[in-house]
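Here's a quick briefing to read alongside the model. Keep the picture open as you go.

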Amino acid sequence: MTTQTIPVDPSFVRTVSSLNAEPEWMTSLRLTALEMAERLELPKLEKTRIDRWDLDSVGQYRKPSTLTEAQNLPEQANLLLQTGENGKQLNALFLHRNSGASFSRLPDELAAQGVIFTDLATAVREHADLVRPYFMQAVKAEENRLTALHAATWSGGAFVYIPKNVVVEKPLQALFITDDEEALVSPHVLIVAEANSSVTYVENYLSVGGNVKQVHNGMVEIFAKDGARVQFASVHDLREDITDISYRRAVLHSDAKIEWVIGELNNGNTASETYSLLEGKGSESDAKVICVGTGKQNMNITTRARHIGMNTNSDMLTRAVMRDESTAIINGITKIEKGATFANGQQTEKVLMLSPQARGDANPMLLIDENEVKAYHAASIGKVDQDMIYYLMSRGISREQATRLIIYGFLAPIVEQIPIAKLEEQLKHLVERKLGQ
């Protein structure tokens with residue numbers, strides 16, 4: 001394999017590690033990953049030439065300033081931090097700005113139960129025994145050049161640890177803001193839910209200003225132990241000049257469950273993978289993903305479920321709305337391994353095109369190596385039904401309103417799953433903004 005030119009060198013990696021006062025094991029992991037990146041190829045994405053994307057605009061590490069409260073934030077951020085009729089902020093909050101964490105808050109009652117919700121850089125120093133066994137284990141650095149570069153250059157991100165039998169009733173919220181066009185943006189989120197625990201984690205990505213090319217190379221790793229329940233919601237709203245690369249992966253033990261709710265609402269090129277590894281008997285995965293493409297965006301959205309344990313269940317639902325000259329490649333992959341008897345894998349991908357130049361491609365895939373299983377897939381690609389629009393117009397509704405109703409009816413099965421009302425409202429607002437409504 002040929003050696004590749006990569007946008008960072010060992011001195012860059014050592015500087016990031018040094019500024020975060022990391023232990024030797026993490027510095028060594030970074031440098032080893034950097035060596036891998038020089039040998040590895042870019043990922044091969046279905047019908048997407050990612051090698052033509054600008055992936056070299058890594059930026060510079062900006063050591064974040066610590067805030068005593070969430071302050072001086074963009075207006076969009078302040079709106080997201082409000083919830084409920086009285087406008088109070090959520091109890092548990094984590095704020096990440098550009099290259100690192102700026103603020104975190106965890107209620108005393110959760111801390112007393114052993115819950116940890118802090119920035120990953122701090123967790124590496126103070127909770128190495130909880131971080132080291134899991135970091136870059138769900139997603140391996142050696143998978144491709146981008147995963148290796150992430151392992152080498154990761155900057156900030158959140159660490160969530162839920163002890164055995166602890167149920168966190170209220171959602172933990174994380175907000176990732178990019179407002180420095182020269183900053184390194186490569187956050188890593190690590191969630192460990194011990195046996196019979198439960199947690200809802202909600203994150204929102206937004207960018208402000210800027211017209212310089214950047215790359216967001218982010219990663220999420222979730223480990224749900226026996227009987228654990230994790231609900232994970234994420235909405236990405238990054239500007240046109242930011243290329244978003246996101247890997248999300250969950251490892252599920254016996255009777256564990258993961259619920260994904262993903263909103264891909266970026267304005268630039270996007271490649272994401274949301275992947276559930278059902279290792280344990282009776283584990284479950286439910287993934288709901290929406291994406292909206294405008295302009296000349298290229299989007300490659302992949303949802304995967306790999307069944308290893310017996311009696312496992314996966315359900316994947318992806319819906320995309322495309323307008324202008326945007327392109328979406330929607331992949332659903334269900335893999336049932338030999339020995340995963342009585343597994344049940346279902347998936348549906350649907351693409352709605354609003355413009356003649358928009359393109360959508362739904363690729364459902366079933367890979368089955370076991371006989372005693374159930375597997376189902378469905379896919380559809382089409383335009384707005386004009387007969388439906390005429391019917392609504394005959395009832396006194398304008399064409400614009402009729403089109404909006406059809407679009408929201410198409411997206412409703414996912415939008416309604418957002419676990420925080422304010423975030424659901426924000427998602428609807430972003431969809432309206434992207435579609436020019």
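How do the axes of helix α2 (residues 24-39) and helix α7 (residues 145-153) cross, and within what distance do they come? They come within 7 Å and cross at roughly 155°. Keep in mind that this is a predicted model: local features need pLDDT of at least 70, side-chain atom pairs count only at pLDDT 80 or more, and totals for chains, interfaces and linings use all residues. Residues are numbered from 1 along each chain as its sequence is written, and side-chain values use heavy atoms, leaving out hydrogens and water.

**Some terms first**
- Helices (H or I, at least four residues) and strands (E, at least two) are DSSP runs, numbered from the N terminus.
- Axes are lines fitted to C-alpha atoms, for helices over the stretch in contact, and angles run from 0 to 180 degrees between N-to-C directions.

- In contact here (heavy atoms within 4.5 Å) are Leu29, Arg30, Ala33, Leu34, Met36 and Ala37 of α2 with Arg145, Ala148, Leu149, Ala151, Ala152 and Thr153 of α7.
- Sort those contact residues and you get 9 nonpolar, 1 polar and 2 charged (Ala, Val, Leu, Ile, Met, Phe, Trp, Tyr, Cys and Pro count as nonpolar, Asp, Glu, Lys and Arg as charged, and the others, Gly among them, as polar).

**The sheet**
- There's an open sheet of 10 strands with mixed pairing, in the order β2-β1-β5-β7-β9-β11-β13-β15-β17-β19 (two strands pair if DSSP finds at least two bridges between them).
- Its edge strands are β2 and β19 (374-383), each pairing on one side only.
- From one strand to the next, the twist averages 10°.
- Helix α9 (residues 399-415) packs on this sheet, touching β11, β13, β15 and β17.

- Strand β1 (residues 92-97) pairs with strand β2 (residues 100-105) in the antiparallel sense over 5 bridges, and Phe94 stands opposite Ser104 in β2.
- β1 and β2 form a hairpin with 2 residues between them, and Asn98 in the turn has a positive phi of about 60°.
- β1 also pairs with strand β5 (residues 172-178), in the parallel sense over 6 bridges; here Phe94 stands opposite Ala174.
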